[in-house]
Amino acid sequence: MASRGDDSTNGFSLPLEKYGATEDTVTFANREIRDESEGGSSTLLNVAESKNRDDPGTFFEDGKRKIDFIIVHEEVKLTAKQQEKKDKDAAERRAKNLPPTEEEMEAQQHDTWRKRFLENITKAGLMLEEDVVETEKKLIVYYKVHAPWQCMIFFAEEMGLKAPLQAQPNPNLNWSGRLLAKFNLPNPMHIDVPFLPYDFYTCSFRRSKINKFVGSQNKDTFFTNTDRIRVVNEILQNVTYGKRKRAEVGMDRMLEEEIFQAAYPLHDGPEDPGDNPDDKLNRRQVLRKYWARWGAWYKYQPLDHIREYFGEKTAIYFAWLGMYTGWLLPASIVGTLVFLYGMATASGNIPANEICASNTSYYMCPLCDEDIGCSYWYLSDTCSKAQMSYLFDHPGTVFFSIFMSFWAVTFLEYWKRKQASLSYHWDCMDFEEEEERPRPQFAAQAPLLEKNPITGILEPYFPEDMRKRRWLTGIGVLVGMVSLVLIFMLGVIMYRVLVSIPLFQSKLFQSEAQSIASMSGAVVNLVLIMVLGQVYQRLAVILNDWEMHRTQTEYEDNLTFKVFIFQFMNFFSSVFYIAFFKGKFVGYPGHYIRIFGLRNEDCGSGGCLIELAQQLIIIMVGKQIINNCQELIIPKVKQMVQRYSVSGSFFGSGSEAGMTRWEADYQLVPNEGLFEEYLEMVIQFGFITVFVAAFPLAPVFALLNNWIEIRLDAQKFIGELRRGLADRAQDIGIWYDILEFTAQLAVISNGFLIAFTSQFLPRLLYQHDFGTLAGYTNFTLAYSPVNTTHESCRYQDYRDPEGDHTIFYYRLLALKLGFVIVFEHFVFGISRAIDFAVPDVPESLEIKIKREGYLAKQALQEVQVMKLK
């Protein structure tokens, strides 16, 4: 669709209400033929004019040929003395008939490979233009790459790129906007972004049907910039520079060998929009002004513009992140209300009031061994903790757990619908099944060729049994790393036990000994989590490269699986321990369970749920703060280092205005993709669902983080990173399966959390038996068996004076197991009903898909008829 200022024709001579009408099919399918035969000028030029907004600095010297890619080679500039010494040493070696040094041989080999590679890419049809820039330290050669028309149409057909057949209105995919419009209410989230990309019915590009495609008259603008980037990258990744048997193929391999220093597509011009009017802005400036600024935090994201500039893969990530953030708003509101309900009803919490009023009534057993200095204490000392624990442990948290389970399932179901709509809207619904080609790295290193069963084309092939053996090796390494995580978790447990001993012995810290040990242990655990995460991710990339996955989707799915399993254990193992194991296997006075001679650690005086909430706050919020600081600081530091390596100055060689576009982009940070962004959000999704019963404010912290995250990511992609490769994708890949697994795990986790960690069921059963909660505190405290302690004391458990479990304990255990079964079956049942009620593909979209298939078939028939004539 054209800019929103044009409400009548969408940039064409056809009214909007007639877009897609059957009787007008010929208008677009045969427009060029009809106009030429009638002597009229084609209205399709409007499309070309709207697309031709590229900055003059992104062209060859002739101002006509578009720069599609930049390849960079650096040479260290020697001083006169260094050059003289180098020449002298070389002359002496020649005089003595000595062979060149290893360094000289490597440099000669690299020069040979570099020249051969540049020759081969010109043979493949690309055009080159060279620009040499001399700095204080280096001589930098920029090779500007352009794909001419004949090269583009050949590879467009070879790669199955989509080409436009007929225009249609841009769909409104924001349900909130449609809802507000239905009631004639203003929409504060709407934003008019100029140069809205057109939406078309499309089919795979065919040179024989070139005249049937919209805009094919203008060869300079028929292919989008992202199409051009994909074609050039495909060529660069498959051109040889040495021997193919040695996998001496492709740009990525040359970058690894440091034969070239960088290869990247150009941004569309300067980033800062300044005071320029909208019609003078390039695509990058439009995104900077209407998307990446902080003031747009509450506005819809311009997804079509993001897709036009960065490609479908990046756009679908931001679409998911935006929808996820929007759905966090109702979860945050409900979570806040649940927390406020706890605060409002805390004064009526009978068990906490009994603890606070008990004074010296309940003389409690030491929380660690007496012989190491732990003393007896009064339950009334924990008054404030008992009151605080109620904020995270009241009937409202049960409701919130059920609500969040339904929220997660419903969110994922509606994301599937939006994902289907976007993948159709962006012409990538069948990308993974039909279009995706082997990875260039796979093609370069695969030892065999085999026919693709779908396309029938011979493609590189790697034996499946060999891949499986490598994959199992990777799984073995993963198991080893997970075991290392569990060892570190055990170390943190021992740390808490050992630190608590001197604190218990100190009169100053005695009352807060367990809290201090638990909080400091959480901080130590967070540091270990971040360090281990970085180590394993690097190892996972090496293993994944070795496993030889055929397509980019398979490669990323397997890498995601490995890293997520590890990171899930890394982040959640300590939380699972506190939630389900800590305090459950302690024993009782005279019969304590010990590990390495020390008593197994018990829950603090406020209970395990408040410790769990503390752990979640420190790990979740601490991780968010660290990640946001990293995203804010690290790209800028990397950019300064890159500038220093290029120009010898941390602040570059001057203002961007004084540099060419390729020089300015070379000083940006290489784009490393979206893996880290997805991983951060999926781990966050786990925090707000799996343990939400213990921390109802988790969605609030997630929402605040994501409002910041979207703008930080936008600013990073627009202004701090080099432009990416405009990869295509039809969905978020294996991340959806991980989210679905997490949502189902959350149901199980919250059911067990409420049943076995919360005090909800014990209080409910006691109230059922006695009609009130009065006396509940005394009922939950057992007396120490005779002669097991120096003094008679109380401890929390349902045992008789001999240490045997009471009948109430077994009744409560049966109630807990029954609650888990009923809770899970109820939530899973409703979830399946939601899944059944919400179709994955909207009915309106199914009609559009059939319509597009009809148009493609009609266009093909027209070509066949013309051939017969």
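Which ring does the charged end of K66 sit over? The ring is that of F59, and its centre is 5.7 Å away. For a charge to sit over a ring, NZ of Lys or CZ of Arg has to be within 6 Å of the ring centre and within 35 degrees of the ring normal.

## Before we dig in

What you're looking at is a predicted model: local features need pLDDT of at least 70, side-chain atom pairs count only at pLDDT 80 or more, and totals for chains, interfaces and linings use all residues. Residues are numbered from 1 along each chain as its sequence is written, and side-chain values use heavy atoms, with hydrogens and water left out.

## Salt bridges

Let's start with charges. A salt bridge here is a side-chain nitrogen of Lys or Arg within 4 Å of a carboxyl oxygen of Asp or Glu, and the whole structure turns up 27 of them. Take K144 and E61, whose side chains meet with N and O 3.9 Å apart. This pair links distant parts of the chain, 83 residues apart: K144 is in strand β3 (residues 138-146), while E61 is in the loop between α3 (45-51) and β1 (69-76). Helices (H or I, at least four residues) and strands (E, at least two) are DSSP runs, numbered from the N terminus. K144 counts as buried because its relative accessibility is 1%, whereas E61 counts as exposed because its value is 66%. The cut-offs are under 20% relative accessible area for buried, over 50% for exposed, and partly exposed in between (1.4 Å probe, protein chains only).

Now try R723 and D268, which meet at 2.7 Å, N to O. They bring together two loops 455 residues apart: R723 sits between α24 (698-720) and α25 (734-757), D268 between β6 (262-264) and α10 (283-290). Both R723 and D268 are buried. R723 also lies over the face of Y309, at 3.9 Å from the ring centre.

## Strand β5

Strand β5 (residues 199-204) is mostly covered, with five of its six residues buried. Strand β4 (residues 162-168) pairs with β5 in the antiparallel sense over six bridges; strands count as paired if DSSP finds at least two bridges between them.

## The nonpolar cores

In soluble globular proteins, nonpolar side chains tend to be buried together. A nonpolar core is a set of buried Ala, Val, Leu, Ile, Met, Phe, Trp, Tyr and Cys residues joined through side-chain atoms within 4.5 Å. The largest one in this model has 120 residues, and W320, Y324, W407, L612 and F691 have the most contacts inside it. Helix α12 (residues 312-345) gives the most to this core: 15 residues.

There's also a second, separate core of 38 residues, with L118, M152, A156 and C203 among them.

## Aromatic pairs

Rings of Phe, Tyr and Trp (its six-membered ring) pair if their centres lie within 6.5 Å; planes under 30 degrees apart are stacked, over 60 edge-to-face, and the rest tilted. That rule gives 60 aromatic pairs. One of them is Y143 with F260, which is edge-to-face because the planes are at 80 degrees, with the centres 6.1 Å apart. Y143 lies in strand β3 and F260 in the loop between α9 (251-256) and β6, so the pair ties together parts 117 residues apart in sequence. Y143 and F260 are both buried.
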